[in-house]
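The structure comes first, then the details.

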Protein chains: 2
Amino acid sequence: MASKPVLYSYFRSSASWRVRIALTMKGIDYDYAPVHLVKDGGEQNKEEYKSKNPMGQVPALVIDGLTLTQSLPIIEYLEETRPDNPVLPKEPGKRAQARAIAEVINSGIQPLQNLKTLQALGDKKTEWAHTVISNGFEALEKMLQSSAGKYCVGDQVTIADLCLIPQCYNASRFSVDMTKYPTIVRIKEALEPLPAFVAADYNNQPDTPKE
Amino acid sequence: MASKPVLYSYFRSSASWRVRIALTMKGIDYDYAPVHLVKDGGEQNKEEYKSKNPMGQVPALVIDGLTLTQSLPIIEYLEETRPDNPVLPKEPGKRAQARAIAEVINSGIQPLQNLKTLQALGDKKTEWAHTVISNGFEALEKMLQSSAGKYCVGDQVTIADLCLIPQCYNASRFSVDMTKYPTIVRIKEALEPLPAFVAADYNNQPDTPKE
């Protein structure tokens with residue numbers, strides 16, 4: 001019998017968060033292995049974890065006897081092996097739209113405002129994070145004009161939406177003025193109450209600090 | 001009759017370069033529309049180009065009546081609509097490996113050492129670019145131990161290889177010591193003579209400066 005998948009995750013990590021949404025949407029039961037990104041210089045930098053992901057980043061997903069890394073490739077793998085409750089549209093042009101929105105966030109915004117990059121920027125960091133997120137959201141707002149329905153691409157929840165919600169949380173941490181992005185806000189509000197998004201929320205994880 | 005695809009590209013852009021390799025591998029004839037990233041504050045920032053890609057980045061590919069952006073989603077679209085000469089393995093686990101290697105480069109290295117980020121870093125920029133590329137290549141070298149054959153994933157050229165070659169060029173621009181990454185070097189040398197890689201090389205583009 002196949003063993004239960006294990007997700008190496010940090011409650012606040014946006015890449016982990018995307019995968020948590022996908023796992024829940026697809027009804028995949030999994031064990032949660034917390035990796036604390038701050039404590040002791042970061043558990044992700046210890047050799048034990050780096051043997052799972054040499055990049056020293058969360059998430060990593062152990063599933064089907066494989067250890068998978070990088071959030072979007074993990075989600076694509078889940079889509080290919082568990083096609084029910086799809087996170088990609090059927091039509092290639094729409095799939096390209098969903099993936100492009102996901103990549104604007106995954107490679108165009110998130111890496112530029114993650115902890116390591118901000119530390120390197122010193123006292124310019126808040127302004128930089130603000131600029132990076134605002135530029136990205138401005139582009140997304142335009143892209144959504146030709147793709148959005150109820151959600152980022154039509155009326156189906158896609159990989160784009162899985163990326164959007166954690167990035168909106170990061171925007172709020174940097175106090176980005178969201179009134180400039182009415183489509184993003186509308187989609188965010190439509191997504192938030194969905195059960196898979198509630199379950200994956202950073203507030204509701206085993207490693208979320210109790211306050 | 002369908003019109004000829006148009007690739008908006010800059011000879012030195014690593015994201016454009018990846019797409020050029022894919023187009024040539026798949027035998028797709030296309031017109032090359034140069035977008036100069038430096039001249040006049042960058043043609044990618046002009047409204048005319050931003051109407052194609054609101055992120056103001058190359059590449060953009062006009063094909064099948066669509067305007068596609070983001071290199072990896074463009075390559076996935078080509079793979080789905082032109083499956084001959086595949087750039088992804090058949091088996092889901094191998095596909096995940098190829099995509100993960102591609103993403104280490106696409107989101108884990110490249111955005112952190114692109115022009116805008118380096119400008120923000122001021123006099124720390126060379127050291128930062130060096131660190132980012134070295135850390136990424138160290139991780140890739142480990143990942144390749146379990147995935148590589150002749151190329152990044154087995155003996156088939158994949159999306160991972162399309163990302164690796166332009167990133168190796170960036171590494172050489174920052175004088176990264178490649179002797180630490182023997183597997184990367186071996187794969188690079190196996191890829192470079194392949195016709196699609198020669199055709200896509202930054203030296204051989206319509207907008208490559210003549211010297």
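The sections below cover the interface and then the aromatic pairs of this predicted model.

## Interface between chains A and B

Contact involves 37 residues of chain A and 37 residues of chain B. Together the two chains bury about 3,200 Å². Carbon and sulfur atoms account for 66% of that area. On the chain A side, P54(A), M55(A) and E80(A) lose the most area to chain B. These residues together make up 16% of what that side buries.

## Polar links and composition

Six salt bridges are counted between chain A and chain B. One of the pairs in a salt bridge is R99(A) with E80(B), with the closest N and O atoms 3.0 Å apart.

Five elements of chain A give two or more residues to the side that touches chain B: β4 (66-69), α3 (71-81), α4 (92-106), α5 (115-121) and α6 (125-147). The largest share, nine residues, comes from α4(A). By class, this side of chain A has 18 nonpolar, eleven polar and eight charged residues.

## Aromatic pairs

Over all chains, the structure holds twelve aromatic pairs. F137(B) and Y181(B) form an edge-to-face pair, 5.7 Å centre to centre, with 85° between the planes. F137(B) lies in helix α6 of chain B and Y181(B) in the loop between α7 and α8 of chain B, so the pair ties together parts 44 residues apart in sequence. F137(B) is buried, at 0% relative accessibility. Y181(B) is buried too, with a relative accessible area of 3%.

In chain A, W17(A), Y169(A) and Y202(A) form one aromatic cluster.

Technical notes:
Residues numbered from 1 in each chain as written. Chains lettered and ligands numbered in written order. Predicted model: local features only at pLDDT ≥ 70, side-chain atom pairs only at ≥ 80, totals over all residues. Heavy atoms only, no water. Contact = heavy atoms within 4.5 Å. Buried area = accessible area lost by both parts, 1.4 Å probe. Salt bridge = Lys/Arg side-chain N within 4 Å of Asp/Glu carboxyl O. Helix = DSSP H or I, 4+ residues; strand = E, 2+ residues; numbered from the N terminus. Nonpolar A, V, L, I, M, F, W, Y, C, P; charged D, E, K, R; others polar. Phe/Tyr/Trp six-rings, centres within 6.5 Å; stacked < 30°, edge-to-face > 60°. Buried < 20%, exposed > 50% of the residue type's maximum accessible area, 1.4 Å probe, protein only.
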